[in-house]
Amino acid sequence: MPQTITEKILARAAGKEAVVPGEIIDAKIDTLLMHDLTSPDAIKVLRNEFRNGIAEGLRVVIAPDHYIPQKDIASAILYKELMNFYEEHKDNPNIFAYPLGENYGVCHIMLPQEGHALPGDVILGADSHTCTYGALGAFSTGIGSTEAGNVLATGRLWLRVPESLKIYISGNLPKNVMAKDLFLKVVGDIDVDGALYQAMEWTGEAIRRLSTEERMTITNMAIEAGAKSGIVAPDDETYNYLYPRVPQNRRGDLSELCDLKSDPDADYANAISYNASDLVPLVAQPSLPSNVKPADELNDVKIDQAYIGGCTGGKLEDFVSAAEILKGNKVAKGVRLIVVPSTQKIYRKMLDTGLIGLYLDSGAVVSAPTCGACLGGHTGVLAPGEVCISVTNRNFRGRMGHPESSVYLASPLTVAASAITGYITGAPK
Amino acid sequence: MKQEIPLKISGKVYVMGNNIDTDLIIPARYMTTMDPETLKLHAMEDLDPKQYPIPFLNPDKTCDYRIIVAGRNFGCGSSREHAPIALHTAGIQAVVAASFARIYYRNSVNGGRLILPLESDMDLTKNVATGDVLEIIVNEQRIFNPQKSLEYGFKPFGPVKGILEAGGLTEYNKQMLGLK
């Protein structure tokens, strides 16, 4: 029976030859992600209800990031509890932790960076942007805390096999357009529930040409279209990205894993296609990611803050791209440009290549890795009436601070261009 | 602990629109705890008063509503289980929506808190107003609107019914594993 890449991965997890959309499977989970905000109830379930250890064979990656570095006493306690949990289980060879220190960062960047997301893996996490790892050919999706506790205890979880939505992108992205614009174009057309319960499968020559980090932008935002997951079939790019990152004992299979793809005659719920060459810089206006307009139509919107960071737009290439625009320019008077490298390794690279200096010269403020202000946590929270243009993924009411503040979503290029003018400005051609 | 799915839920409804996101249900700034009693104090705190002139919570933080009626994609956004926890602790027993965001739906089923996610056959937001009373006859998948003497349906729970009946995923899995 012909199957999509998602169905193939879930069939293996269910121990079956094949699965069909709508089917409820009891899936064996390869990897569970835990971070500081959603773990307390998961830990409680394992400790108080099952009273056993972590399920055999389950890999657990602990990557605190939301209110890190600890922003107040309550978040310091959350961090401490998560690390206590790690201490209890650290003899388990399948548990990996990235505590605040020389190698920590935003969880959805840490997992790929540290080689924890491989093609064909089933990865769950109590965070909605867990869908990011589809960029590496994994099936990954967000779950709740109770569910995470049950995964810890049993290594399994019921999953509904999603229908797949095929998104074919031909052509070449123009120089001033990034994967972020591509996703905004799609969600603007299909709406925030346009892919509800589905797997968004990205394909076509424009996707093949995207770097892994750019693919991560479109899979990261799958949830903003209501999707269960986003996925790009792995290829040479995936292999080259992963090879230096995965542990020795998993390298042998890597080449074979990167052959994983949908069968040519697999069934899709729907298929849509775009020509990347037609795209222009886009912006999602408050208060939904689907409220999309060309940046050029919003040039009268004055901004107070520009934000580059988080799991959608805080990757190395995002900073390299924004820096091309900022180079030799100053941030507009009265505008705050906040730059948050997603991981310490990215921070170090930016330091070594002179990017940190470039950002500081432009007038930007550079912070330590954190989810920070993306969810209104800290490090750039907005006051009533303030306007922020951000590379992040959500612009819901109150998302980055006061409920009467507004968030516009755009690519790192467009955010940088806007920081210079002080008004929403599409990245120049 | 096994729990009975109630046969009937009746009470005042709070009517909301499409795409009610989890940042509205419980803003992230309160996510430094998962304590239900703390979370309920901030349920729906950031609603736009222009759009929702009647607040969800009373000034003393009590809630008069037992049922939320909403449009499409209720609970979109974050995976935070804090959302159904906050609503359930405030007193909500059922959310009737035209559709649900998947993680919110899973959290309401698997969390075992009896805040039933009921997917209505039609969008009810135009048929009821905040403060109206609805009666939900759960086992018959009927929603009765006494104000208009109208009846609506909702989709059966399907395969997740066993989890709801067990009292959530934890209890369900414990039963399966023979744990007490």
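**Reading backbone and burial in a predicted model**

Reader: Where is A:Ser405 found?

Author: A:Ser405 lies in the loop between β17 (387-390) and β18 (406-409) of chain A. Bear in mind that this is a predicted model.

Reader: Is A:Ser405 buried or exposed?

Author: Buried means under 20% relative accessible area. A:Ser405 has a relative accessible area of 10%, so A:Ser405 is buried.

Reader: Which residues does A:Ser405 touch, leaving out those up to four places away in sequence?

Author: They are A:Leu382, A:Ala383, A:Gly385 and A:Glu386.

Reader: Now the backbone. What should I expect of phi and of peptide bonds?

Author: Most residues other than glycine have a negative phi, and most peptide bonds are trans. The exceptions are what to look for. A:Arg51 is not a glycine, yet its phi is near 50 degrees, a positive value. This residue sits in the loop between α2 (39-50) and β3 of chain A. B:Asn73, also not a glycine, has a positive phi of about 60 degrees, and its place is the loop between β2 (65-70) and α3 (82-90) of chain B.

Reader: Are A:Arg51 and B:Asn73 buried or exposed?

Author: Exposed means over 50% relative accessible area. A:Arg51, at 69% relative accessibility, therefore counts as exposed. B:Asn73, at 0%, counts as buried.

Reader: Which omega does the peptide bond from A:Ile68 to A:Pro69 have?

Author: Omega is near -15 degrees there, and the bond is cis. A:Pro69 is in the loop between β3 (59-62) and α3 (73-89) of chain A. The bond from A:Pro286 to A:Ser287 is cis too, with omega near 0 degrees. A:Ser287 falls in the loop between β12 (282-284) and β13 (292-294) of chain A.

Reader: How many helices and strands are in chain B?

Author: Chain B has six helices and seven strands, running β-α-α-β-α-β-α-β-β-β-β-α-α from the N terminus.

Reader: How does the radius of gyration of chain B agree with a compact globule?

Author: A compact globule of 180 residues would have a radius of gyration near 16 Å, and chain B has 16 Å. Of those 180 residues, 61% count as buried. Among contacts with a separation of 6 or more, 67% are between residues 24 or more positions apart.

Technical notes: Residues numbered from 1 in each chain as written. Chains lettered and ligands numbered in written order. Predicted model: local features only at pLDDT ≥ 70, side-chain atom pairs only at ≥ 80, totals over all residues. Heavy atoms only, no water. Helix = DSSP H or I, 4+ residues; strand = E, 2+ residues; numbered from the N terminus. Rg over C-alpha atoms; globule rule 2.2 N^0.38 Å. Buried < 20%, exposed > 50% of the residue type's maximum accessible area, 1.4 Å probe, protein only. Contact = heavy atoms within 4.5 Å.
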